[in-house]
Amino acid sequence: MSLYVVTGGAGFIGSHLVEALLHEGHRVRIIDNFSTGKRERIPGNADVDVVEQDLRDFDAVRSALRGADGVFHLAALPSVQYSIEHPRETNAANITATVHVLEAARDAGVRRVVYSASSSAYGDQPSPQLREDMKPNPMSPYGLQKYVGEEYCKVFSLCHGIQTVSLRYFNVYGPRMADEGAYVTVIAIFLRQRKAGEVLTITGDGTQTRDFTHVRDVVRANMLTMVSPKVGKGEVMNIGAGNNRSVNDVARAVGGPVTYLPARIEPHDTLADITRAQELIGWVPTVAFVDGIRELLTLHGIAVPEMTETARV
Ligand SMILES: NC(=O)c1ccc[n+]([C@@H]2O[C@H](COP(=O)([O-])OP(=O)(O)OC[C@H]3O[C@@H](n4cnc5c(N)ncnc54)[C@H](O)[C@@H]3O)[C@@H](O)[C@H]2O)c1
C-alpha cells in the first residue's frame with residue numbers, strides 16, 4: 001500500500017484515477033482548489049484525504065506532499081481558448097504550479113512524479129501521425145505551457161535525481177467529462193444535443209478526425225507509469241487510442257439528425273503513435289470507441305442507435 005498524491009483529483013480524469021488507486025488498496029491525498037473540480041466526483045472513502053488548496057501556494061503544496069510515495073500531477077487549467085484570453089493566469093496554473101509540485105516532491109523525497117501532458121504540445125505537424133520525437137510546435141499558450149511542464153520534469157530528473165515521466169493525452173472522453181465550458185469535447189456536445197432532442201451540429205464537413213481516448217485507458221497508463229522500471233528520467237509518451245475517428249463517425253455513433261456549420265481553424269487530424277508507451281510501460285488501449293460511446297449513451301439514458309460498421313472498425 002502506498003500513499004499517492006493526486007493533484008486535480010476532483011477533476012474529470014483525476015477522479016477516475018483516485019477511484020482506481022483506492023480500488024488497488026492505496027491511500028490517496030487529493031490537492032484541488034475546486035476551480036473546475038467537483039466535490040461530488042470524489043469517492044467517500046476513509047482512505048481519501050482532501051486538501052483544498054491552490055498549487056500556486058508553494059507552502060501548501062510542500063505540506064501536502066509530505067510522506068507521499070508518488071505524485072500524479074493532473075491539476076491544470078486545461079483550456080486552449082481560456083489560455084489565449086488569460087495567458088498570465090494559465091501560466092501560473094500550468095507552469096508555476098508544476099514547478100511547485102516538482103520542488104515540493106524533491107524536498108519530500110517523493111520517488112516519482114507522473115505528469116499529465118497534452119497532445120496540444122504538437123500543434124501543427126507535417127504528418128498526422130504524431131510521434132514523440134517530432135519537434136513540438138504548440139499553437140496556444142495552453143499547448144506551450146503543457147510542453148514547458150514536460151521540460152521542467154526532465155530538468156528536475158537531471159538536476160535533482162527525482163523520477164519524472166510525462167504522458168501526452170489525446171482527446172480524453174468518458175463518464176463525468178465536462179459537458180460545458182471551454183474544454184468540452186465534441187462527444188459531450190453531441191450527447192447533450194441528443195438528450196435535448198436537438199440536431200447535432202457539426203463544424204466543417206465532419207471529416208476532421210481525432211484520436212479519442214477513453215479515460216479508463218488513461219488511468220491505467222498512469223498506474224503502469226508509476227511503477228514501471230523502464231521509465232523515470234523525464235520520458236514523454238503518447239497516450240492515445242492509436243486510431244482516429246471523424247466527427248461524422250462520432251455523430252453516427254451518438255445517433256440523430258445532423259446539421260453542418262462553418263469550419264473552424266483547427267488541425268484536421270490527430271493520431272497518436274503509441275509504440276513508445278507499449279514498449280516502455282506495456283500499455284495498450286483496451287476500450288473500443290463503440291463500447292465507450294455505448295456506455296455514455298446508456299449513462300445518459302439515450303437509446304443506443306444501430307452502429308454502422310464504419311463506427312465499429
Ligand atoms: N481531458 C482531456 O482531453 C485532456 C487532454 C490532454 C491533457 N489533459 C490534461 O489532463 C489533466 C486533467 O485534465 P481534466 O480533463 O481532468 O481537467 P479538469 O479541469 O476536469 O481537472 C483539473 C483539476 O485541477 C484543479 N485545478 C486547476 N487549477 C488548480 C490549482 N491552481 N490548484 C489546485 N487545483 C487546481 C481543478 O479544480 C480540477 O479539479 C490536465 O493536466 C490536462 O491538461 C487532458
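**Ground rules.** I count residues from 1 along each chain, in the order its sequence is written. As the model is predicted, I take local features only at pLDDT of at least 70 and side-chain atom pairs only at pLDDT 80 or more, while totals for chains, interfaces and linings use all residues.

**Entry 1: the ligand.** I looked up who sits around the ligand and got 29 residues, with Gly 8, Gly 11, Gly 37, Ala 76 and Val 172 coming nearest. (A residue counts as near if its C-beta atom, placed from the backbone, lies within 6 Å of the molecule.) Helix 1 (12-23), strand 2 (27-32), helix 4 (87-108) and strand 5 (112-118) each give two or more residues to this shell. Helix 1 gives the most, three residues. My helices (H or I, at least four residues) and strands (E, at least two) are DSSP runs, numbered from the N terminus. I also sorted the shell by class and noted 15 nonpolar, 10 polar and four charged residues. (Nonpolar means Ala, Val, Leu, Ile, Met, Phe, Trp, Tyr, Cys and Pro; charged means Asp, Glu, Lys and Arg; the others, Gly among them, are polar.)

**Entry 2: strand 1.** Is strand 1 (residues 3-7) enclosed or open? Four of its five residues are buried, so strand 1 is largely enclosed by the rest of the structure. (Buried means 20 or more other C-beta atoms within 10 Å of the residue's own, exposed 12 or fewer, partly exposed in between; C-beta atoms are placed from the backbone.) Next I checked its neighbours. Strand 1 runs parallel to strand 2, with five bridges joining them; Thr 7 has Ile 31 of strand 2 as its bridge partner. The chain gets from strand 1 to strand 2 through helix 1, a right-handed β-α-β crossover. (Right-handed: with the strands pointing away from the viewer, the path from the first strand over the helix to the second runs clockwise.) Strand 4 (residues 70-73) is also parallel to strand 1, joined by four bridges, and there Val 6 partners Phe 72. (Strands pair if DSSP finds at least two bridges between them.)

**Entry 3: Gln 53.** I found Gln 53 in the loop between strand 3 (48-52) and helix 2 (58-64). Gln 53 is partly exposed, because 16 other C-beta atoms lie within 10 Å.

**Entry 4: helix 5.** I checked the length of helix 5 (residues 141-160): at 1.5 Å a residue, its 20 residues should span 28 Å, and its end C-alpha atoms are 27 Å apart, which agrees. (The expected span is 1.5 Å times one less than the number of residues.) Gly 161 follows helix 5, with a positive phi near 75°.
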